[in-house]
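I opened this notebook to record what I looked up in one structure.

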Amino acid sequence: TLISEMLKAEGKKVWLGGNIGTPLLPLVPQMAENDFAVVELSSFQLMDMRRSPQRAVVTNLAPNHLDVHKDMDEYVEAKKNIFAFQDAQGLLVLNADNAITAEFAGNGSTHFFSRLGKNCHVRLEDGVITRAGEPVLQTGDILLPGVHNIENYMAAIAAVEGLVSDEAVRTVAKNF
């Protein structure tokens, strides 16, 4: 949702769906070539994927959905499909603070984020989210409560790089 809100704040036409509650497939005829589709997908939806989006985000991996998967290995492999088929122009955004996602690498650019101060493309430094060493957003401006939402902002900031201004990011933080 944050990625969608940031794109909209920049004036982009955005379609948000997937596990968020809106199936997008019936809406495809209404979409234009320059529109953005932001889709949340679960591991069981990723299992059979044979294409990956141009930009993909994996925030974390933990033993979840093991009722759907035969074991943790199958779960991890399903999650990898979100980026497995990206080409050299693809962007993969990963959490460096999660032991599993920290080991992943994409076929194109891989940008890590870290709330724990690891030297990453997007990281938290003294209450400020930075990208490539430049300040983007003070965490105190984020209306959504919880440390996990700081991580969600970090992932979104990495995912929308080059598409959205820092001012649009700050507008979303202060109003959403």
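This is a predicted model: local features need pLDDT of at least 70, side-chain atom pairs count only at pLDDT 80 or more; totals for chains, interfaces and linings use all residues.

Residues are numbered from 1 along each chain as its sequence is written, and side-chain values use heavy atoms, with hydrogens and water left out.

Entry on the second largest pocket. I found its lining to consist of Leu24, Leu25, Val28, Met31, Ala32, Asp35, Phe36, Ala37 and Val39. By class I recorded eight nonpolar, no polar and one charged residues, where Ala, Val, Leu, Ile, Met, Phe, Trp, Tyr, Cys and Pro count as nonpolar, Asp, Glu, Lys and Arg as charged, and the others, Gly among them, as polar.

Entry on the largest pocket. I noted 44 lining residues, with Val38, Val39, Glu40, Leu41 and Val57 nearest the centre. The lining divides into 26 nonpolar, twelve polar and six charged residues. Among the elements that each supply at least two lining residues are helix H1 (2-9), strand E2 (36-40) and strand E3 (55-58); helices (H or I, at least four residues) and strands (E, at least two) are DSSP runs, numbered from the N terminus.

Entry on the sheet. I traced six strands in an open, mixed sheet, ordered E3-E4-E5-E6-E7-E8; two strands pair if DSSP finds at least two bridges between them. E3 and strand E8 (134-138) are the edge strands, each pairing on one side only. E3 runs parallel to strand E4 (residues 91-95), joined by four bridges, and valine 57 stands opposite valine 93 in E4.

Entry on salt bridges. I took a side-chain nitrogen of Lys or Arg within 4 Å of a carboxyl oxygen of Asp or Glu, and the count came to eight. One of them joins the side chains of lysine 8 and glutamate 5 (3.2 Å, N to O). These two are separated by about one helical turn, because lysine 8 and glutamate 5 are three residues apart in helix H1.

Definitions and conventions:
On a 1 Å grid over the protein atoms alone, a cavity is a set of points where a 1.4 Å probe fits but cannot get out, and a pocket is an open set with protein on both sides within 12 Å along at least five of seven lines; lining residues have an atom within 4 Å of a point.
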